[in-house]
Amino acid sequence: VFLISLVLRKGSGNILASRFLVAILVLMAIMNLGYLAVHTDLRYYAPQLFSVPFGFMFLYGPLLFLYAKSVLDDSFRWERRLWLHFIPYAMQFISVIPFFLAGRDEWLEFLETFRAGDLPVGAYARAAFVLQLAHFLVYLSVTFRWMQSVRQGEKQYVIPYAARMKWVKA
């Protein structure tokens, strides 16, 4: 939370890159909130918090890719078509809405089963995990390849390429 507030308050000359970075950090914080909901008494008051991060892995790949583009490409601008990168997450989110809307008693039973380690992992959950991981790895690969192509066609920037690469890798 400190880093999020720092980036929002101080920012950088690159507002778009700052927004992508904040989005990544907010996702991380929300994922931790989901785990907090499971392992504390918060589960009795808001058990659905556990499901909020479901599918977030579909967001990390596009956000990292767009963050790298916004840092390394001076001509990069947000365009409406870039929302297409987030379609897999939207599909995942829609698919878990019925699960999210389950009653409190069902949620408490689900969380207790999860905590006991007795939750069976069905075919849908396994497929969703594999798809999310593959999606992230594809984005990571595309991002690193794009960064290498930028390095090979390096232009003269106000901020040298090496310094920009440190920001992306940090």
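**Exercise 1.** Decide whether Leu82 is buried or exposed, and find which residues Leu82 contacts beyond its neighbours within four places in sequence.

*Solution.* 
- Step 1: The relative accessible area of Leu82 is 8%. Buried means under 20%, exposed over 50%, and partly exposed in between, with a 1.4 Å probe and protein chains only. Leu82 is therefore buried.
- Step 2: Locate Leu82 in the loop between H4 and H5. Helices (H or I, at least four residues) and strands (E, at least two) are DSSP runs, numbered from the N terminus.
- Step 3: List the contacts, where contact means heavy atoms within 4.5 Å. Leaving aside neighbours within four places in sequence, Leu82 touches Leu66, Phe76 and Arg77.
- Step 4: Check Leu66 along the chain and in space: Leu82 and Leu66 are 16 residues apart in sequence, and their C-alpha atoms are 8.9 Å apart.

A word on the source: this is a predicted model, in which local features need pLDDT of at least 70 and side-chain atom pairs count only at pLDDT 80 or more, while totals for chains, interfaces and linings use all residues. Residues are numbered from 1 along each chain as its sequence is written, and side-chain values use heavy atoms, with hydrogens and water left out.

**Exercise 2.** Work out how many helices and strands the chain has, and what percentage of its residues is buried.

*Solution.* 
- Step 1: Count the elements: the chain has 8 helices and 0 strands. Read from the N terminus, their order is α-α-α-α-α-α-α-α.
- Step 2: Of the 170 residues in the chain, 35% are buried.
- Step 3: Take the contacts in the chain with a separation of 6 or more: 70% of them join residues 24 or more positions apart.

**Exercise 3.** Find the angle at which helix H4 and helix H7 pack, and list which residues make the contact.

*Solution.* 
- Step 1: For H4 (residues 57-72) and H7 (residues 123-152), the angle is about 10° and the axes are 7 Å apart.
- Step 2: Pick out the residues. H4 contributes, among them, Tyr60, Leu64 and Ala68, and H7 contributes residues including Gln132, Tyr139 and Trp146.
- Step 3: Sort by class: the contact has 16 nonpolar, 4 polar and 1 charged residues. Here Ala, Val, Leu, Ile, Met, Phe, Trp, Tyr, Cys and Pro count as nonpolar, Asp, Glu, Lys and Arg as charged, and the others, Gly among them, as polar.
- Step 4: Look at Gln132, which is found in H7 and counts as buried at 11% relative accessibility. Not counting residues up to four places away in sequence, Gln132 touches Gly55, Phe56, Met57, Phe58 and Gln92.

**Exercise 4.** Determine which residues in the largest nonpolar core touch the most other members, and which element gives the largest share.

*Solution.* 
- Step 1: The largest share, 10 residues, is from H4.

**Exercise 5.** Classify the aromatic pair of Phe54 and Phe99, then the pair of Phe56 and Tyr89.

*Solution.* 
- Step 1: Rings of Phe, Tyr and Trp (its six-membered ring) pair if their centres lie within 6.5 Å; planes under 30 degrees apart are stacked, over 60 edge-to-face, and the rest tilted. The structure holds 14 such pairs.
- Step 2: Phe54 and Phe99 are 5.7 Å apart centre to centre with 20° between the planes, a stacked pair. Phe54 lies in the loop between helix H3 (42-45) and H4 and Phe99 in helix H5 (residues 87-100), so the pair ties together parts 45 residues apart in sequence.
- Step 3: Phe54 is partly exposed at 24% relative accessibility, and Phe99 is partly exposed at 32%.
- Step 4: Phe56 and Tyr89 form a tilted pair, 6.0 Å centre to centre with 55° between the planes. Both Phe56 and Tyr89 are buried.

Notes. Axes are lines fitted to C-alpha atoms, for helices over the stretch in contact, and angles run from 0 to 180 degrees between N-to-C directions. A nonpolar core is a set of buried Ala, Val, Leu, Ile, Met, Phe, Trp, Tyr and Cys residues joined through side-chain atoms within 4.5 Å.
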